[in-house]
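Please read the following note with the sequence and the model open. The points are numbered so that each can be taken up separately.

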Amino acid sequence: MHVNGAAHRVRCSPSETLAEVLRRRLGLIGTKIACDRGECGACTVLVDGRAVLSCMTVVSTVAERRIETVEGLSGAGHPVAAPASDQLSPLQEAFLRRDAFQCGYCTPGFLMAAAGLLRAVPHPSRAEVVAALAGNICRCGAYGHIVDAILEAAGGGASGAGRAAGDGEGVEA
Amino acid sequence: MSAPGGTVPSTVRPPAAVGRSIPRLEGREKVSGAARYDADVELPGMLYGLVLRSPYPHARIAHIDASRALALEGVKAVVTYEDAPPQPIEAADEALMGDGGDEDAPQPDPVHVLDRTVRFAGDEVLAVCAVDEATALAALALIEVRYEPLPFVLDPLEAVEPGAPRVRGGRTNVAGGKPVRIARGDVAAGFAQADLVIEGTYSTPFASGTPLEARVTVARWHEGADGPVLDIWKTSRWVFGDRRSLARVFGLSPERVRIRTAHVGASYGNKDESRSAYIAALLAKKAGAPVRLAYTRQEEMIAGRLRHSSHTTLRVGVTKRGEITAIEAVQYMATGPYVPGTGVAARSGYGLTYLYHCPNVSYTGYVVYTHTPTAGSFRGLGAPQGHLAMEVHMDRVAEALGMDPLAFRLKNAVRPEGQPGEWQPTGEIVPDQPAAGGIPFSSNGLRECLERGAEVFGYVPRPNGRPALRSHPERPWVKIGQGMAMLIYKTGKSQAQAEVCLTPDGRAEVRVGNVDVGQGSATVLAQLAAEVLALGPERVRVSSPDTDAVMSTHMTAGSATTFSAGSAVIEAARQALARRERGEAPDPQAGGWIGQASLRPGSTTHIVNSFGAHFCEVEVDTETGEVAVTRYVAAHDSGRIINPHMAENQVIGGVTQGIGYALSEVFRLDEGTGRALNASLYWYRVPFAHHVPPIDVVFADIVDPVGPFGAKSLGEPPIVAPAPAILNAIYDATGIRFTALPVSPARLLEALEEREAVR
């Protein structure tokens, strides 16, 4: 498996979900399981740059693909399971600055959904941001601040949005 | 009247930390993915538990055969009613919500977890633990249970009938043995003075808080110096309540039970019961290994805590000049089998009897045991139910009088001097608040909320109170309306304790037992301490809740943390500072100057309440039945705002949850079987980003003379007003008056068709 820029050899049942493998076998607890059936988006990760629901993804189908989790957004992105890096991506900084969460349980999923959007559309409109979040629930209801944070990260210019917008630096390290 | 007798004076010098929008203390951890929640706790050798739940809403367990499950490789233990200790559990939420009942009333049967009688479809029957979840799941399928089904009752109106099946034994299904009553003046005389009496009935369904981190416990036993110690990590909003419940049920002294909670994936008032911890501890004891018991989403919704459903009948008498002469409300709420919840009725009744200036009021609230999933505390307790009835009803009253709804409220909103009448001082102003007149508020920014909210929103008066029935200029089948509602909420007064350690290098640690469930209390408490100590808030740490490390304190409930724990933190910080300033040597063990405080903040002469006024615009699509909330302004008086950015987020979140409550959220039970029909995030519709418009938040310019640095409650009030504001806006758009939640597209289309049929 290729996770956050590093290759891993994982022994597991091929029918395990990507979410379980990330959390249990690789210790990447940033990916959250909240419904375990694709209803809430908390487990969103990037597979080859696209946002997918890791609780609905059988791990054997992504064996050769590039997987990115919230841990990969910050700092060097590896080694895997390292404690939080001091270096946050502009997207994460914007979430922090705009207070774009409360309990934070949905936050990794929102960050990855946003990262997937910014990869494809570096400067999205508000409507495009809202549409990209259509599969993510924030039960605390911080949507307003989340949308503001994503727009801020995207509007931060090429260098500002670089990491999150996926210019090949940082996220893919 | 004398000045409010607060325990904490307001600001003594210009704020340094208070009033600043600093980022959350734990923000970096949360955005980096490093934050460890209770669901992320793993212990070596940990087993995985699962609960078998009753398919019947009421039954006696005749027989359990677990032999085939126990023979399965990897299964470590099964616990049933035979393993349950004889002591009843004192659920933390019962401790909170049982107040207001009658001590002389016949007490219902005590609550036992893993009882031989099951009382709702989803109640715990037994639990199993195994080396992994798949094995535990396989084991559940091998267990045979024979039930003797018993008659059941789901509807609170049926449950109060004399012949109804008893949910908890006793003479009646009414919790506390009798209704909660709140009264002031003479209602009969008030109605006699009225020119017009308007009556209406309103209902609200069960609603689920469904926080994204479902309930989870990791329990282990180990040998302490003088006997077994129970060590627990759990999703909790009151670690000391959990400790008390578990110590009692296992017959341990409280010091031998340790409860910790990591980050909590939200609570909304929900995470206060000790059941999952109890079952995990029982499994861990029997298996001799740590056990993790994590609820699935479905379990979280069925076996967690719901918002009480309600039926409210309201009569309001008014004079032709638009003065309210009498308010009478009778309310029934379904509470399920396990939580008396009379405090929920008291909250509901408070709004119904205190929001409007009126000399004669009467509230009678029946909280009724039912064979439904358990209702408990959920953001706002009964206030959203009471305000739904009150604020929709008052729109009708305004219309009957030919008055603009806002003008009617400006005329009749409760004033700074409180309700009319004469107060007979009997000591302190009690937390559940008097219904008596003659007691002033410490501060009351309701008028400011109404006026500034209307201005920011661009409220268009309806001089005759009639709906405007506007159509969208380009899509005439879309109707546009505006609506409003106001709210009152009591500020949580709780006994609070805190310790502050100030170190010689200019740092401080705040040690409190209160749980930051995502609302941001740790950051706010740090700001309060920083303000007193004249430190940058980034130099203040707040310990995480651990019954072995901090002083016992109140639950994260009742929007009380800033007000109550905050007052204790301020006092503790002052004491630590005083020690340093007196030239005392730092405590060598703690490495700093220690201040401790134990207090119950509040006033003996004034009522401390928060207020708000919400304004919204909706677009009603008469082809699809969909209602879109297109503009929203929430104006709040919560006193001084400690952290404006976080406060705004909290208001936006409450409004968002309120939009769900108004338009889509209904937790459904099958009438024939009592089983939940939509216990999932797909079928139970909570708002997504595209359901929520930009929400403008306005804070009234109020510094409360009692609250810490002038602050009052904030957490719960925002969820109280959205549903009636939205229903009133739907009326303004369509002329259809909805009196029950939620207004789903199906109900809206049905109502439109009915109206067509009448024409």
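**Notes on the model**

1. Leu469(B) is placed in the loop between α13 (446-457) and β18 (470-471) of chain B. The model is a predicted one. The phi angle of Leu469(B) is near 50°, a positive value in a residue that is not glycine. With 45% relative accessibility, Leu469(B) is classed as partly exposed.

2. Ala534(B) sits in the loop between α14 (521-533) and β22 (540-542) of chain B. Its relative accessibility is 54%, so Ala534(B) counts as exposed, the cut-off being over 50%.

3. Which bond joins Leu741(B) and Pro742(B)? A cis peptide bond, with omega at about -15°. Pro742(B) belongs to the loop between α17 (722-734) and α18 (745-758) of chain B.

4. Chain A contains seven helices and five strands. Along the sequence, their order is β-β-α-β-β-β-α-α-α-α-α-α. Of the 173 residues in chain A, 57% are buried. Among contacts in chain A with a separation of 6 or more, 61% are between residues 24 or more positions apart. The accessible surface of chain A is about 6,400 Å², and carbon and sulfur atoms hold 51% of it.

5. The contact between the chains draws on 45 residues from chain A and 52 residues from chain B. Together the two chains bury about 3,900 Å², with 58% of that area on carbon and sulfur atoms. Gln102(A), Tyr105(A) and Arg139(A) provide 21% of what chain A buries against chain B, more than any other three residues.

6. Between chain A and chain B, 26 residue pairs are in polar contact, both residues being at pLDDT 80 or more. On the side of chain A that touches chain B, the elements giving two or more residues are α1 (18-25), α2 (70-73), α3 (90-97), α4 (107-120) and α6 (143-154) of chain A. The most comes from α3(A), with five residues. By residue class, that side of chain A has 21 nonpolar, 12 polar and 12 charged residues.

7. How many salt bridges does the rule find across the interface of chain A and chain B? There are five. In one of them, Asp40(B) pairs with Arg23(A), and the closest N and O atoms are 2.7 Å apart.

8. Asp99(A) and Arg24(B) also meet in a salt bridge, at 2.5 Å from N to O. This pair crosses between chains: Asp99(A) is in the loop between α3 and α4 of chain A, and Arg24(B) is in the segment before α1 (27-32) of chain B. Asp99(A) is buried, at a relative accessible area of 4%. Arg24(B) is buried as well, with a relative accessible area of 4%.

9. Arg139(A) forms a salt bridge with Glu665(B), and their closest N and O atoms are 2.8 Å apart. Arg139(A) lies in the loop between α5 (126-132) and α6 of chain A, while Glu665(B) lies in the loop between α16 (644-663) and β26 (695-699) of chain B, so the pair joins two chains. Are these two residues buried or exposed? Both Arg139(A) and Glu665(B) are buried.

10. Over all chains, the count is 50 salt bridges. Glu213(B) and Lys271(B) form one of them, with the closest N and O atoms 3.9 Å apart. The cut-off is 4 Å, so this pair falls within the definition. Glu213(B) is in the loop between β9 (207-208) and β10 (216-224) of chain B, and Lys271(B) is in the loop between β12 (257-260) and α8 (275-287) of chain B, 58 residues apart. Glu213(B) is buried at 0% relative accessibility, and Lys271(B) is buried at 1%. Elsewhere, salt bridges with shared partners join Glu391(B), Asp395(B), Glu399(B), Arg409(B), Arg466(B) and Arg737(B) into one network.

11. Val239(B) lies in helix α7 (residues 239-250) of chain B and is buried, with a relative accessible area of 0%. Beyond neighbours within four places in sequence, Val239(B) contacts Ile259(B), Arg260(B), Thr261(B), Gly513(B), Pro545(B) and Thr547(B).

Notes: Residues numbered from 1 in each chain as written. Chains lettered and ligands numbered in written order. Predicted model: local features only at pLDDT ≥ 70, side-chain atom pairs only at ≥ 80, totals over all residues. Heavy atoms only, no water. Contact = heavy atoms within 4.5 Å. Buried area = accessible area lost by both parts, 1.4 Å probe. Salt bridge = Lys/Arg side-chain N within 4 Å of Asp/Glu carboxyl O. Polar contact = N/O pair within 3.5 Å; in protein donor to acceptor, adjacent residues only side chain to side chain. Helix = DSSP H or I, 4+ residues; strand = E, 2+ residues; numbered from the N terminus. Nonpolar A, V, L, I, M, F, W, Y, C, P; charged D, E, K, R; others polar. Buried < 20%, exposed > 50% of the residue type's maximum accessible area, 1.4 Å probe, protein only. Areas by Shrake-Rupley, 256 points an atom, 1.4 Å probe, with all protein chains shown as cover.
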